[in-house]
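Q: I'd like to learn how to read a structure like this one. Can you walk me through it, feature by feature?

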Amino acid sequence: MSVLLFVFLGLAQASEPDDIPQRLYNAYCINCHTKDEKVIDFNESTPEEKMIEKIRAGEGGMPTYSWLFDDEDLKSIIEYMKNLPQ
Ligand code: HEC
């Protein structure tokens with residue numbers, strides 16, 4: 001898995017670095033979190049630190065991602081999710 005992730009991030013970085021949050025979101029979060037009816041309890045008013053905590057801890061149906069992302073990654077993904085195209 002870590003080898004796969006390395007390759008994945010390597011590819012993402014090689015092309016357009018600005019795309020990374022979008023790519024991570026598309027790869028790991030889109031199945032459960034979208035702006036349509038599939039969105040699961042993604043309340044944009046939740047403070048960012050709380051969101052990061054939740055993502056790290058895993059909660060309810062939410063898998064834990066602490067092994068995969070650092071805070072900077074999570075911040076950029078959360079930013080991206082807040083600004084998802086409708
Ligand atoms: C398997 C489905 C699933 C996947 C994949 C998933 N989530 Fe979640 N997520 C959930 C569920 C279910 C909750 C609600 C948990 C709860 O509070 O009971 C949640 C809650 C959250 C929350 C808290 C929202 C709030 O307002 O409190 C954030 C932030 C979040 N997810 C971000 C992410 C990110 C970022 C990813 C990708 C790295 C991701 N999720 C991938 C199912 C998923």
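Predicted model: local features only at pLDDT ≥ 70, side-chain atom pairs only at ≥ 80, totals over all residues.

Q: How do I read the way two helices pack?

A: Two packed helices are described by the angle between their axes and the distance between the axes. Take H2, residues 20-28, and H4, residues 71-82: their axes come within 9 Å and cross at roughly 85°. Angles of 65 to 115 degrees count as roughly perpendicular, so that is the label for H2 and H4.

Q: Which residues make that contact between H2 and H4?

A: On the H2 side you have Ile 20, Pro 21, Gln 22, Leu 24 and Tyr 25. H4 brings Asp 73, Ser 76, Ile 77, Glu 79, Tyr 80 and Met 81. Sorted by class, the contact of H2 with H4 has seven nonpolar, two polar and two charged residues.

Q: Let's zoom in on Pro 21. Is Pro 21 buried or exposed?

A: The idea is to count neighbours: a residue is buried if 20 or more other C-beta atoms lie within 10 Å of its own. Pro 21, which is found in helix H2, has 20 C-beta neighbours inside 10 Å and therefore counts as buried. For the chain as a whole, buried residues make up 10% of the 86 residues.

Q: And what does Pro 21 touch, leaving out residues up to four places away in sequence?

A: Ser 76, Ile 77, Glu 79 and Tyr 80. Pro 21 and Ser 76 sit 55 residues apart in sequence, yet their C-alpha atoms are 5.7 Å apart in space. Across the chain, among contacts with a separation of 6 or more, 54% join residues 24 or more positions apart.

Q: How about the ligand: how many residues surround it, and which are the closest?

A: A shell can be read by who is in it, where they come from and their class. Here 21 residues surround the ligand, the closest being Cys 29, Cys 32, Gly 60, Gly 61 and Met 62. Helix H3 (48-57) and H4 each supply at least two residues of the shell, and the largest share, three residues, comes from H3. By class, the shell around the ligand has twelve nonpolar, six polar and three charged residues.

Conventions
Residues numbered from 1 in each chain as written. Axes fitted to C-alpha atoms, helices over the stretch in contact; angles between N-to-C directions. Helix = DSSP H or I, 4+ residues; strand = E, 2+ residues; numbered from the N terminus. Parallel < 35°, antiparallel > 145°, perpendicular 65-115°, else oblique. Contact = placed C-beta atoms within 7 Å. Nonpolar A, V, L, I, M, F, W, Y, C, P; charged D, E, K, R; others polar. Buried ≥ 20, exposed ≤ 12 C-beta atoms within 10 Å, placed from the backbone. Near = placed C-beta within 6 Å.
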